[in-house]
Amino acid sequence: MSFESIEKVNLLGLSLPQLEDFFVSIGEKKFRGAQIVKWIHQQGVTNFEEMNNLSKSLRERLNQIAEVRPPKITFRGDSIDGTKKWLMEVDGGSSIETVYIPDGDRGTLCVSSQVGCSLDCSFCATGKQGFNKNLTSAEIIGQVFLAAKYFGLPIKDTQRRAITNVVMMGMGEPLLNFDPVVSSMALMMEDQAYGLSKRRVTLSTSGVVPALDRLGDVTDVALAVSLHAPNDLLRNQLVPINRKYPLLVLFNSIRNYLDGLSDGRSVTFEYTMLKGINDSDDQARELSKLISSIRCKLNLIPFNPFPGTQYEVSSRNRIYAFQRILLNDGHIVTVRKTRGDDIDAACGQLAGQVADKTKRAGRYIALRDVSQSVDGVVHR
Ligand code: SAH
Ligand code: SF4
């Protein structure tokens, strides 16, 4: 790759090995990569002039050919329960959302990977919106950078850090934006950057099997898979990519990924509770059977309605009855709680704004669900 192009290279999105390559390509020593990665991701510095262990001539050179440019924050909402939501503008003018959810000694940042999504799951507002663009790695890690900077601490400081976990559960399907997602997750886990352990970075996918098959070659982050149905017939309707990669194929791919992990971790299945659609006792029993062949946890997510949806959320009692059946069979099953209602981040659907002059100018899109502990929808 040539870094000597007219457009400035955004160093924010380069992983440590990519930064080392960058410096070697401009005739500098490899160790400059580690220096810059620390300045950016541990000190939050974006101005080369402040990087005082670089020579003046190198700083000048960098000013000419490179930049450190995060997305632009256009709005921040603060919930009384501590949940925070940022609206950020990305290249092209669209906006994405990033949500922070504190929960005891854990603080989860929910990060977006695309503006919109092409997979069209029937209960997902982002899917209904269609695909707008893939985020660059600078726009993905930029969400972590800006949130970490807001909290004023290097998140590597395990004693005091505010962000303890990152989940790729914001807007978009991360496995359809493979390389930028992998580079930015590498930075999340890079000791010289954010230093999160591989158990604290989670990728959530609706089941893009060929990409999942490749994932294990390049990373070992925690895996969440959006299941939502106990059989192919129903999943074909709710999660259309299932028609291409049905449950048998998907489960094999998940098993392979788990087999490649060195520490016996399990997959987390996400299951959005839709009234009268996937929440009966029989379906709980069918689901129990389906998932018993794999090392997993199950997370039940109350559906977050959005304008125009045909679905409703299952009642609280129905969700607990469904959970009980699976618990009785020995599964680990949690129900996601709602947070940040007062800032429309609570019941966790993220919203972004799409700059698409042709069709959807200025329209808000609702995104999905947020994290281990949040769910909901943003209504505007
Ligand atoms: N595209 C990826 C990651 C983002 S979606 C995926 O599908 O896994 C994050 C989670 O939110 C997924 O489990 C998704 O199915 C769920 N979700 C989407 N729309 C929702 C809604 N309206 N209510 C509750 N959960 C929803
Ligand atoms: Fe895309 Fe995930 Fe929404 Fe499905 S649930 S449309 S994969 S963002």
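In helix α3, which spans residues 56-65, the buried residues are Leu58, Arg59, Leu62 and Ile65. Because these residues cover an arc of only 140° around the axis, they lie on the same side of α3. The structure described here is a predicted model.

**Helix α3**

- On the other side of α3, the residues Lys56, Ser57 and Gln64 are exposed.
- The partners against which the buried residues of α3 pack are β1 (9-10), α1 (16-25), α2 (32-41) and β2 (66-67).
- An α-helix has 3.6 residues a turn, so residues three or four places apart point the same way.

**Helix α10**

- Helix α10 covers residues 281-291, and Gln283, Ala284, Leu287, Ser288 and Ile291 are buried in it.
- These residues are placed on the same side of α10 because the arc they cover around the axis is only 145°.
- Asp282 and Lys289 are exposed, and they sit on the face of α10 turned away from its buried side.
- The buried residues of α10 pack against the helices α8, α9 (247-259) and α11 (316-328), and also against the strands β12 (267-273) and β13 (296-302).

**Nonpolar cores**

- The largest nonpolar core has 105 residues, and those touching the most other members are Leu11, Phe22, Ile36, Leu62, Met188, Ile254 and Phe269.
- Helix α5 (residues 137-151) gives the largest share of this core, with 8 residues.
- This core lies between domain 1 (9-67) and domain 2 (72-366), because both domains give residues to it.
- A second, separate core has 6 residues, including Val99, Cys110, Met169 and Ala224.
- Leaving aside residues up to four places away in sequence, Ile36 touches Leu11, Leu19, Phe23, Phe48, Met51, Leu54 and Leu62.

- Ser226 belongs to strand β11, which runs over residues 222-226.
- Ser226 has a relative accessible area of 12% and therefore counts as buried, the limit for buried being under 20%.
- Apart from residues up to four places away in sequence, Ser226 touches Ser204, Thr205, Ser206, Arg235 and Glu270.
- Val9 is found in strand β1, and its relative accessible area of 12% makes Val9 buried.
- Val9 and Val68 are 59 residues apart along the chain, and their C-alpha atoms are separated by 8.2 Å.

**Residues with positive phi**

- Most residues other than glycine have a negative phi.
- Asp120, although not a glycine, has a positive phi of about 60°.
- Asp120 is located in the loop between β7 (114-116) and α4 (125-129), and with a relative accessibility of 36% Asp120 counts as partly exposed.
- His228 is not a glycine either, yet has a positive phi of about 70°.
- The loop between β11 and α8 (232-238) holds His228, and His228 counts as buried at 4% relative accessibility.

Conventions
Residues are numbered from 1 along each chain as its sequence is written. Chains are lettered from A and ligands numbered from 1 in the order in which they are written. This is a predicted model: local features need pLDDT of at least 70, side-chain atom pairs count only at pLDDT 80 or more; totals for chains, interfaces and linings use all residues. Side-chain values use heavy atoms; hydrogens and water are left out. Helices (H or I, at least four residues) and strands (E, at least two) are DSSP runs, numbered from the N terminus. Buried means under 20% relative accessible area, exposed over 50%, partly exposed in between (1.4 Å probe, protein chains only). Contact means heavy atoms within 4.5 Å. A nonpolar core is a set of buried Ala, Val, Leu, Ile, Met, Phe, Trp, Tyr and Cys residues joined through side-chain atoms within 4.5 Å. Domain bounds come from an automatic or database domain assignment. The arc is that of the directions from the helix axis to the C-beta atoms.
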